[in-house]
Amino acid sequence: MKIAVIGGGNGALAAAVDLTAQGHEVRHWRRNTGALTNSLTLKDADGERSVSVRAHEEMEEALKGADLVFMPDPAFTQADNAKRIAPHLADGQVVFLAPGTFGSYVMSKIIREAGNRADFAFAETGTLPWLTRKHGPTTAAITARATRLPTGVYPKKSSAHAFGVIRKAFKSIEPVEDALSGALMNAGPIIHPPLILMNAGPLEHFEKWDIHKEGTQPSIRRVTDALDAERIAAREALGYKAPHFPLADHYKFDGDEWMYGRKVHKKLTDSNDWRERIVLTEHRYMREDVEYGLAFLVSVCERAGVPCPVARGLLALGSAVLGRDLRREGRTLENLGLVQADLKAIL
């Protein structure tokens with residue numbers, strides 16, 4: 001299949017190299033054209049090997065004839081990328097966001113307002129298809145591949161076509177009701193805000209700190225579980241059905257399989273790839289998962305009449321760290337123009 005990979009982060013590099021290694025024709029575009037290269041390295045459980053990837057400096061060339069457009073970069077890049085792809089998106093193409101933070105609706109709206117009337121679809125899932133980090137500018141180190149990817153499509157009527165396309169690249173796709181259901185599977189706003197805000201002291205004190213190892217202590221896990229319970233309550237209030245992929249399954253050795261399978265948390269911490277420098281005011285865990293994801297979750301909970309004291313409290317802490325009111329400025333139903341009195345109208 002012809003796949004356009006858009007972005008320059010950990011997920012985009014992993015997508016470009018891993019999907020090429022699987023036999024797909026990948027076209028890679030990133031904003032920093034000087035960092036584009038046709039030679040990448042894949043490092044995983046099978047060892048380390050070189051992979052040749054087609055790099056394109058022009059978005060039009062990257063998208064031309066692509067069946068799937070894969071966009072894993074953070075939510076705060078979505079608006080700009082929507083404007084970049086708007087002139088070139090064509091009939092039948094599927095844009096896959098991983099994760100999406102309701103970017104499927106946001107980007108579609110921008111592209112339609114730019115005048116594109118093509119019959120395209122957006123889909124979004126709850127996490128990256130890989131646990132991955134860069135080892136240098138051209139090497140993608142993959143610790144684990146997703147085994148279950150709950151995914152929703154916008155518009156919903158395009159679901160059958162979109163899932164048919166995405167499954168050719170990602171066989172672990174599991175359809176959910178729609179794009180909002182997919183957005184409420186996003187694990188980032190659940191796992192990362194407690195980890196960065198409750199570890200703010202060591203994050204600012206030490207040069208590098210592994211929030212998933214030293215930072216995941218029992219008290220923080222209890223906060224994460226409470227936050228996830230609010231997400232699941234919101235899903236249930238909107239009529240979405242189980243499985244809700246509770247984040248607690250990520251930490252279990254013998255529980256239900258989470259998005260990356262069982263025992264994956266140990267693989268993550270053993271890799272040491274997440275021992276990193278996190279600048280609270282700049283890192284995507286704050287900019288994407290708090291400002292976009294957590295603000296969105298709070299607005300959905302409030303709109304659905306679901307109490308969310310933990311989500312609201314963490315959002316208030318993030319607002320204090322950044323010096324901005326993220327409930328007012330972040331990605332919310334209100335700021336997206338979805339303020340209908342009837343929840344069914346929103347759905």
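Buried means under 20% relative accessible area, exposed means over 50%, and partly exposed lies in between (1.4 Å probe, protein chains only). The model is predicted, so local features need pLDDT of at least 70 and side-chain atom pairs pLDDT 80 or more, while totals for chains, interfaces and linings use all residues. Residues are numbered from 1 along each chain as its sequence is written, and side-chain values use heavy atoms, without hydrogens or water.

**View 1. Strand β8 is largely enclosed.** All five residues of β8 (residues 121–125) are buried, so the rest of the structure largely encloses this strand. A121, A123 and T125 point one way from β8, and F122 and E124 point the other way. Strands (E, at least two residues) and helices (H or I, at least four) are DSSP runs, numbered from the N terminus.

**View 2. β8 has partners in β7 and β11.** Strands pair if DSSP finds at least two bridges between them. β7 (residues 94–97) runs parallel to β8, with four bridges. L97 has E124 of β8 as its bridge partner. β11 (residues 149–154) is antiparallel to β8, again over four bridges. Here A123 stands opposite V153.

View 3. α4 lies across β6, β7, β8 and β11, at about 155° to β8. Contact means heavy atoms within 4.5 Å. Axes are lines fitted to C-alpha atoms, for helices over the stretch in contact; angles run from 0 to 180 degrees between N-to-C directions.

**View 4. The eight-stranded sheet is open and mixed.** Its order is β5-β2-β1-β6-β7-β8-β11-β12. β5 (54–55) and β12 (173–175) stand at the edges with a single partner strand each, so one side of each lacks a neighbour in the sheet. β1 (residues 2–6) and β6 (residues 68–71) are parallel, joined by three bridges. A4 stands opposite V69 of β6. Helix α1 lies across β1, β2 (25–29) and β6, at about 160° to β1.

**View 5. Four strands form another open sheet with mixed pairing.** The order is β4-β3-β10-β9. From one strand to the next, the twist averages 25°. β9 and β10 (residues 139–145) are antiparallel, with five bridges. W130 has R145 of β10 as its bridge partner. Helix α11 (residues 264–271) packs on the sheet, touching β9 and β10, and its direction makes about 155° with that of β10. Helix α1 (residues 10–21) lies across β3 (39–44), β4, β9 and β10, at about 110° to β9.

**View 6. Y105 and Y154 form an aromatic pair.** Rings of Phe, Tyr and Trp (its six-membered ring) pair if their centres lie within 6.5 Å; planes under 30 degrees apart count as stacked, over 60 as edge-to-face and the rest as tilted. The Y105 and Y154 centres are 5.8 Å apart and the planes lie at 70°, so this pair is edge-to-face. Y105 sits in α4 and Y154 in β11, 49 residues apart. Y105 is buried at 15% relative accessibility, whereas Y154 is partly exposed at 32%. Elsewhere, F70, F96, W130 and F170 form one aromatic cluster.
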